[in-house]
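Dear colleague,

Please find below the structure that I am handing over to you. My findings follow directly after it.

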Amino acid sequence: MLEIKNLNVGYGEVQVLWDIDMEVKEGEVVALVGSNGAGKTTLLYTISGLLHPMSGSIRFNGQEIAGLPSEEIVDLGITQVPQGRKLFAGMTVKENILMGAYHRKDKKQIQKDYEFVLELFPRMAERLSQPAGSLSGGEQQMCAVARGLMAAPKLLMIDELSLGLAPIIVENIYEAVSEVIKRGTTVLIVEQDVMLALEQADRAYVLDVGHMRMSGPAKEMMDNPVIKEAYLGL
Amino acid sequence: MNYELGQGLVNVLLLTGTLTLVAVGFSIVWGILNIINIAHGAFIMVGAYVTYWLFTLWGIDPFLSIPISMVLLFIVGYIVQRYLINYVIRAPLLVTFLITFALEIVIINLATVFWKGDFRSVTTAYSGAGFSIGEIQIPYVRLAAFVIALLLTGLLHVYMTYTKQGNAIRATGMDVDAARLQGVKIAHTYALTFALGTALAGAAGSLISVSFPISPTMGGLYTLRAFVICVLGGLGSIPAVIAGSLVFAFIEVFSGVYTPGLKEAIALLVMVLVLIVRPTGIAGKAFYH
């Protein structure tokens with residue numbers, strides 16, 4: 001579904017990602033892990049078209065998307081739940097969630113998806129008319145995931161869902177995500193919390209200061225001594 | 001009731017309407033695009049001349065020319081933002097500030113060349129007419145301008161809150177990258193926002209032309225007023241613009257009665273005080289609702 005080859009990305013003169021190769025197959029859950037500053041968010045921003053690569057290729061269902069404007073990439077079916085939530089703080093929860101469907105025209109299906117995400121996050125249903133900026137951190141993350149789902153993505157990329165949240169809330173939100181995975185959405189999970197990501201994923205990639213160091217089935221990665229030492233503190 | 005006070009309060013109310021329309025376009029452009037549009041008053045001036053020429057050449061009623069003025073300035077504003085300011089929108093505030101400053105000079109120069117520097121006015125058959133409640137005089141044109149100003153401001157509120165494009169504009173103002181991730185076309189949204197600002201300036205110009213004399217340099221005063229109103233009221237919401245306009249109208253009318261000649265100075269002094277006491281403005285910072 002998503003194939004990345006020899007991707008190089010930088011900010012101005014400063015290169016951040018070197019020769020990245022990565023693949024996400026349809027129906028898969030893939031984890032992208034690595035420590036802070038490894039370039040995970042940069043990679044997601046490049047896939048979403050917020051950053052343009054220096055060189056290399058990103059193919060989505062066979063079509064080259066590297067360098068396309070972000071609105072065309074959203075139209076093709078790639079949506080991101082960004083790091084730090086990036087909600088529209090002064091808009092209500094309902095307005096935020098519906099902004100996710102901004103690029104869509106299928107009104108009936110939008111209404112169905114809206115009902116679905118409110119079932120998935122009943123807490124959002126209680127807070128529809130509140131400004132998103134007034135929500136707690138966990139609720140903001142629910143709102144961000146709900147907004148992402150409203151785009152009806154083929155590939156959903158979730159960046160640092162767990163950051164700064166209590167484990168019980170993280171578990172709660174990942175349960176909702178697994179509901180979405182069951183319905184056939186392909187998901188790319190980006191996490192600093194390596195164990196958490198590996199538990200959710202079929203396969204995983206390890207990004208280390210701009211280079212792709214390792215990849216493989218998530219189960220094997222959990223037992224890999226290098227990963228254990230470097231990321232799991234075992 | 002004291003006549004001066006009663007008439008003064010009615011004048012404050014009438015002026016608040018016009019000032020709201022003068023400032024609301026300036027406020028959206030500042031709040032959403034982070035551009036302090038020095039050319040705002042020049043667009044108001046163009047709107048006033050559109051009404052003047054349509055009335056003088058073809059006898060079109062000034063109030064009927066408001067939509068024409070708005071459409072023309074919408075188009076101009078869209079083009080200016082899309083093909084000029086968008087290229088430097090990510091640059092520091094000073095760059096866009098200078099561009100709009102240059103734009104103001106160009107527009108005023110062109111207006112002076114083509115339309116001459118003379119003061120002109122739009123005088124209709126009903127221009128002097130009005131009615132009175134007790135001793136308080138209310139001219140029809142001022143009342144109509146007030147109603148239309150509030151109507152347009154209300155429509156803007158409805159557009160920003162309940163339409164998809166309006167929501168996209170607000171979202172872009174709050175977090176441009178997050179808006180792009182939802183598929184919002186940023187170049188178009190920026191141009192649309194600026195065009196809304198200039199269209200509202202055009203409407204304000206049309207309304208002003210029925211009550212006040214117009215000239216190519218009339219706009220500077222309105223840019224200044226819009227600026228002070230945004231600082232007074234706070235940036236980024238329509239209620240803030242109304243609050244700022246009300247305070248400004250109050251100062252302008254009553255200092256005009258008791259300390260004529262000092263009204264601009266007093267308005268600016270109040271602005272400085274507000275900046276010290278409450279830097280976010282009376283209504284605080286919000287984003288378009």
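Asp113(A) and Arg104(A) are both buried in this predicted model, and they form a salt bridge in which the closest N and O atoms are 2.9 Å apart. Over all chains, the count comes to 14 salt bridges.

Another of these pairs joins Glu179(A) to Lys182(A), with 3.4 Å between the closest N and O atoms. Both residues belong to helix 7 (residues 167–182) of chain A, where they are three residues apart, about one turn of the helix. Glu179(A) is partly exposed because its relative accessible area is 33%, whereas Lys182(A), at 66%, is exposed.

In chain B, Asp177(B) and Arg180(B) lie three residues apart in helix 7 (residues 176–181). Their salt bridge has its closest N and O atoms 3.6 Å apart. Arg180(B) has a relative accessible area of 17% and is therefore buried. Salt bridges with shared partners also link Arg123(A), Glu126(A), Arg127(A) and Glu139(A) into one network.

A patch of positive charge gathers Lys105(A), Lys107(A), Lys164(B) and Lys185(B). Of these, Lys105(A) is found in the loop between helix 3 (93–99) and helix 4 (107–120) of chain A, and its relative accessibility of 72% means that it counts as exposed. A nonpolar patch of about 580 Å² consists of Val71(B), Ile75(B), Ile79(B), Tyr83(B) and Tyr87(B); Val71(B) is placed in helix 3 (residues 66–83) of chain B.

As for chain A as a whole, it has ten helices and ten strands, and 55% of its 234 residues count as buried.

Yours sincerely

How values were computed. Residues are numbered from 1 along each chain as its sequence is written. Chains are lettered from A and ligands numbered from 1 in the order in which they are written. This is a predicted model: local features need pLDDT of at least 70, side-chain atom pairs count only at pLDDT 80 or more; totals for chains, interfaces and linings use all residues. Side-chain values use heavy atoms; hydrogens and water are left out. Patches are made of residues with over 30% relative accessible area and no salt bridge: like charges are joined within 9 Å, nonpolar side chains (Val, Leu, Ile, Met, Phe, Trp, Tyr) within 5 Å. Accessible areas come from the Shrake-Rupley method with a 1.4 Å probe; for residues, only the protein chains shown count as cover. A salt bridge is a side-chain nitrogen of Lys or Arg within 4 Å of a carboxyl oxygen of Asp or Glu. Lys and Arg count as positive and Asp and Glu as negative; His and the chain ends are not counted. The place of a charge is taken as NZ of Lys, CZ of Arg, CG of Asp or CD of Glu. Helices (H or I, at least four residues) and strands (E, at least two) are DSSP runs, numbered from the N terminus. Buried means under 20% relative accessible area, exposed over 50%, partly exposed in between (1.4 Å probe, protein chains only).
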